[in-house]
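Subject: Structure for you to look at

Hello,

Here is the structure I said I would pass on. Please open it beside this message and follow along.

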Amino acid sequence: MTDQKELFIKIALGSWYLQIQRAEKMFNEFSDEQLLADIAPGKNSGVYLLGHLVAIHDMILPLFGLGSPLFPALEKPFVSSPDKSGLPFPAVKELRQYWNDVNNVLTAQFNKMQPDEWFQKHNAVSEEDFKKEPHRNRLNVILNRSNHLSYHMGQVILLARTNKD
């Protein structure tokens, strides 16, 4: 059974790391000024999407019981508020650094986790619910966050088109 668990973990983390690499490459293709542009008229800006992804990844730490968020001040402007809310954002250069920082910390934490830990409940599910739905585990969070990242990178592709015009 452990071999099967390790295979599932390898598949999920492989997808996670691939999406991280693709996102980093894509964000690095834009200047700070280009990231300030909207992906389409009236839609999110590139900087908002970068901040949103940093904040969402940062929230994995407390979700997994691995520590406090590194950048808790990002939750309000990038998760609980829409772009154009009027809330101030950190500079793009800072967000780029936060992106690297949070993903490096997550990688270090993930590398320490044992196979059985990936199949434990995360902190957003109760013991009672987890008994009924054991698939609501940490590994499932990584799969969902990989899909979330991929979705938003599809939006960032639109930013490339906006900056060509």
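**What was found**

Phe8 is partly exposed, as its relative accessible area is 41%. This residue sits in helix α1, and together with Leu7 and Ile11 it makes a nonpolar surface patch of about 300 Å². Please keep in mind that the model is predicted.

**The core**

The largest nonpolar core holds 41 residues, and the members that touch the most others in it are Phe64, Phe110 and Trp118. Two or more residues each come from α1 (2-28), α3 (46-58), α4 (60-63), α6 (92-112) and α9 (138-164). Helix α1 gives the largest share, 8 residues. As a general point, nonpolar side chains in soluble globular proteins tend to be buried together.

What does Trp118 touch, not counting residues up to four places away in sequence? Its contacts are Ile9, Leu13, Phe64, Phe110, Met113, Asn137, Arg138, Leu139 and Ile142.

**A buried charge**

Asp58, in helix α3, is buried but has no salt bridge. The nearest side chain of opposite charge belongs to Arg145, 11 Å away. Apart from neighbours within four places in sequence, Asp58 is in contact with Pro69, Leu70, Phe71, Pro72 and Val102.

Pro62 lies in helix α4 and is partly exposed at 31% relative accessibility.

**Salt bridges**

How many salt bridges does a search of the whole structure find? It finds 8.

One of them joins Arg96 and Asp32, with the closest N and O atoms 2.8 Å apart. Arg96 is in helix α6 and Asp32 in helix α2 (residues 32-35), so the pair ties together parts that are 64 residues apart in sequence. Arg96 counts as buried at 17% relative accessibility, while Asp32 is partly exposed at 27%.

Asp129 and Lys132 form another, at 3.8 Å between the closest N and O atoms. Both lie in helix α8 (residues 127-132), 3 residues apart, about one turn of the helix. Lys132 is exposed at 59%, and Asp129 is partly exposed at 29%.

Arg136 and Glu133 meet in a salt bridge with an N to O distance of 3.1 Å. Finally, a network of salt bridges links Asp38, Asp83 and Lys84.

Regards

Methods
Residues are numbered from 1 along each chain as its sequence is written. This is a predicted model: local features need pLDDT of at least 70, side-chain atom pairs count only at pLDDT 80 or more; totals for chains, interfaces and linings use all residues. Side-chain values use heavy atoms; hydrogens and water are left out. A nonpolar core is a set of buried Ala, Val, Leu, Ile, Met, Phe, Trp, Tyr and Cys residues joined through side-chain atoms within 4.5 Å. Buried means under 20% relative accessible area, exposed over 50%, partly exposed in between (1.4 Å probe, protein chains only). Helices (H or I, at least four residues) and strands (E, at least two) are DSSP runs, numbered from the N terminus. Contact means heavy atoms within 4.5 Å. Lys and Arg count as positive and Asp and Glu as negative; His and the chain ends are not counted. A salt bridge is a side-chain nitrogen of Lys or Arg within 4 Å of a carboxyl oxygen of Asp or Glu. Patches are made of residues with over 30% relative accessible area and no salt bridge: like charges are joined within 9 Å, nonpolar side chains (Val, Leu, Ile, Met, Phe, Trp, Tyr) within 5 Å. Accessible areas come from the Shrake-Rupley method with a 1.4 Å probe; for residues, only the protein chains shown count as cover.
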